[in-house]
2 protein chains.
Amino acid sequence: MINAAILGAGGLGKNMALLIEQKKEFNLVGICDSSGYLFNENGINGLTVKEAKEIASIPGSVPSSKSIIDLISSHKDKINTIFIALPNLPNEFIPNVTNEIIKTGFKGVLVDALKRTRAVEMIKDLDPELKKAGILYLTGCGATPGLLTAAASLAAQSFVEVLDVTITFGVGIANWDTYKATIREDIAHLEGFNPEIVSRMSDEEIIKELDKRNGVLELHNMEHADDVMLEFANVCSRDKVTVGGLVDTRNAKKPISTNVRITGRTFEGRISTHQFVLGDETTMAANVNGPVLGYMKSGLWLYDLGVRGVLTSADVMPHLMPAKENYLEIQEKQGYQKEKEPIGRKEFQKMMK
Amino acid sequence: MINAAILGAGGLGKNMALLIEQKKEFNLVGICDSSGYLFNENGINGLTVKEAKEIASIPGSVPSSKSIIDLISSHKDKINTIFIALPNLPNEFIPNVTNEIIKTGFKGVLVDALKRTRAVEMIKDLDPELKKAGILYLTGCGATPGLLTAAASLAAQSFVEVLDVTITFGVGIANWDTYKATIREDIAHLEGFNPEIVSRMSDEEIIKELDKRNGVLELHNMEHADDVMLEFANVCSRDKVTVGGLVDTRNAKKPISTNVRITGRTFEGRISTHQFVLGDETTMAANVNGPVLGYMKSGLWLYDLGVRGVLTSADVMPHLMPAKENYLEIQEKQGYQKEKEPIGRKEFQKMMK
């Protein structure tokens, strides 16, 4: 069994707790938020985390104002891997947390779902310190950066030179306050805003900004770390990567299908575009937490091989672990409804006729 | 510099020689076919290989009836990685060659672009022998299996259970005899054929089969190793994977866009389909040789970390190496025309408005 901890119990952290519960091999042993931390070597129930207003209200938890450090310092020998699911406002927040984690003496795999270029660069700069500390840090392992960056890195293999990588995401959220931190990060990308400004805004001010835009955030040329990650991975220089998207904060339906288009020139001189498109029914929670878990697993494989320091999702293939046999029952207990299976194969065979 | 050798000088091998010439870091030092082998530590010119009727006709080559073993035995200390670009008819051919390579004492990375399930299983069975011999063998690293299998493995991260993986490929070849071995392998998948039968057929008999079908091979439920590779990688059981496609042996234009569709259930109980589509202008040569080269590079990284035995393209992210600054000049010398760059970014920004 792999013992995982989650730093942060917002939308991402809570959903990760639910996902881990459906998986074999993984065991959630620790989680924290600003109120305190919970550690249980026998495993923490996902639903308990989901339903808790704050971690300190869960029986067995330890109230703490420095819960991240207390959790890790006290239990680091029982934790193999940590998902940093904290809101990264301002940019230096997660890099600072990383420095604190280094000081605890934790040895293992850190994974984040960071978004901004500058933040990922700051993590990359910690490479020597992380190597010295015996930590492997996989950065940018969510959806974008993450799943789509890795897809771009993979698709680039057909080309001798990559001319353009264009990532377009669509996000639909029925209710903005489930993903407050994520929406705040998105607003920080809008013209006239930045992480520092947004971190000083009240929820009311955020709502006012959303109202102005009819609930829809239209994002162009975002500062998104896909660019440096693809540069680090030799795919292309950062200026060839563009990230934009539409976020509807009032409808669960995505305003546009999330996709990445990779245009390049082949060794035969031809220019062409590969495309990777995510199914509209997959949520941000599924497309971020799934990859993070996959990178935790492949990160532990690389850790055992002696890899230390910083890698990104564009360098590594995330590994899969199977679901528990009774995962559908667990989903039901977690409050999710079962959908019928589609007729994918038959559709395909009909298409081929 | 990475010193690479190619076993086989058919369509794939020749194109790989041209591709390697356009890349930094890589140096083609050895190549062989049934007539003999060529070794040159200073690098072998791609065009020389392309234009040669057979390897033994190239100045400096060594005629040999057991050229694979002679090449590797004589120069194994100067070869880091080997691409096995041999036609795999019958199924046990490449596994047998692997056993011969093991006997030479070669230490390094082997990469193949095998297609059939049984052949990949036979390579997987050699895992203990390869570990003992100090070899890392990456199997199924072409287009499909390969690029599309890795894309399926990556896309699976959004799901708790993968319900269906459907690979559909389109191949357009202006002239079948450029890819004789590949076309033969495709015919071996048709009803009433198998590798043994096809290996006994003359070129005239192959042409007759193609004539019967107006030059188009329609392939359903092929025995394709994507199934076992995704099973090994915990993505899904092999019975959930289907591979089919259309091969036009008389037109360079693809009869259908090559794509893989991955359908699964998310941790929230939703069923959805991710899709990865290859640009029509990319040829089989680009989509096979590019990934093979990428797997050679990441294979060498893993080799240095101590990984030995058998992995597949679904387990590992291929790494990229940059093109030479003057790669466009090299393409011109190789006989390829330069295409103008498209307006990808502008199109995107227009779309977003």
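1. Basis. The model is predicted, so local features are given at pLDDT of at least 70 and side-chain atom pairs only at pLDDT 80 or more, while totals for chains, interfaces and linings use all residues. Residues are numbered from 1 along each chain as its sequence is written, chains are lettered from A and ligands numbered from 1 in the order in which they are written, and side-chain values use heavy atoms, without hydrogens or water.

2. Symmetry. Two copies of a chain are related by a rotation about an axis and a shift along it.

3. Sheet of chain B. Eight strands make an open sheet of mixed pairing, in the order 4-3-2-1-5-6-7-13. Strands (E, at least two residues) and helices (H or I, at least four) are DSSP runs numbered from the N terminus, and two strands pair if DSSP finds at least two bridges between them. Strand 4 (62–63) and strand 13 (309–312) of chain B are at the edges with a single partner strand each, so one side of each has no neighbour in the sheet. Strand 5 (residues 81–84) and strand 6 (residues 108–112) of chain B run parallel and are joined by four bridges; Ile84(B) has Asp112(B) as its bridge partner in strand 6 of chain B.

4. Helices on the chain B sheet. Helix 3 (residues 67–75) of chain B lies across strand 1 (2–7), strand 2 (26–33), strand 3 (36–39) and strand 5 of chain B, at about 30° to strand 3 of chain B. That angle is taken between N-to-C directions on a scale from 0 to 180 degrees, with axes fitted to C-alpha atoms, for helices over the stretch in contact. In helix 5 (residues 117–125) of chain B, the buried residues include Thr117(B), Val120(B) and Ile123(B). Buried means under 20% relative accessible area, exposed over 50%, and partly exposed in between (1.4 Å probe, protein chains only). Among the elements covering the buried residues of helix 5 of chain B are helix 4 (93–104), strand 6 and helix 11 (226–232) of chain B.

5. Strand 7 of chain A. Five of the five residues of strand 7 (residues 135–139) of chain A are buried. Ile135(A), Tyr137(A) and Thr139(A) point one way, and Leu136(A) and Leu138(A) the other. In a regular strand the side chains alternate between the two faces of the sheet. Strand 7 of chain A pairs in the parallel sense with strand 6 (residues 108–112) of chain A over four bridges, with Leu136(A) as the bridge partner of Val109(A). Four bridges also join strand 7 of chain A to strand 13 (residues 309–312) of chain A, again in parallel; there Leu138(A) is partnered by Leu311(A).

6. Thr98(A). This residue sits in helix 4 (residues 93–104) of chain A and is buried, at 0% relative accessible area. Its side chain reaches the backbone oxygen of Ile94(A) at 2.8 Å. Such a polar contact is a pair of N or O atoms within 3.5 Å; within protein, one must be able to donate a hydrogen and the other to accept it, and residues adjacent in sequence count only if both atoms are side-chain atoms. Beyond four places in sequence, the contacts of Thr98(A) include Ile84(A), Leu110(A) and Tyr137(A).

7. Lys297(B). Lys297(B) lies in helix 12 (residues 284–304) of chain B and is buried, with a relative accessible area of 17%. A polar atom of its side chain is 3.0 Å from the backbone oxygen of Leu320(B). Among the residues that Lys297(B) touches are Asn234(A), Glu25(B) and His319(B).

8. Cysteines. There are zero disulfides over all chains, a disulfide being a pair of cysteine sulfur atoms within 2.5 Å. For Cys141(A), the nearest cysteine sulfur is that of Cys236(A), 18 Å away; Cys141(A) is buried, at 0% relative accessible area. The sulfur of Cys32(B) is too far for a bond, because the closest cysteine sulfur, in Cys141(B), is 19 Å away.

Methods:
Contact means heavy atoms within 4.5 Å.
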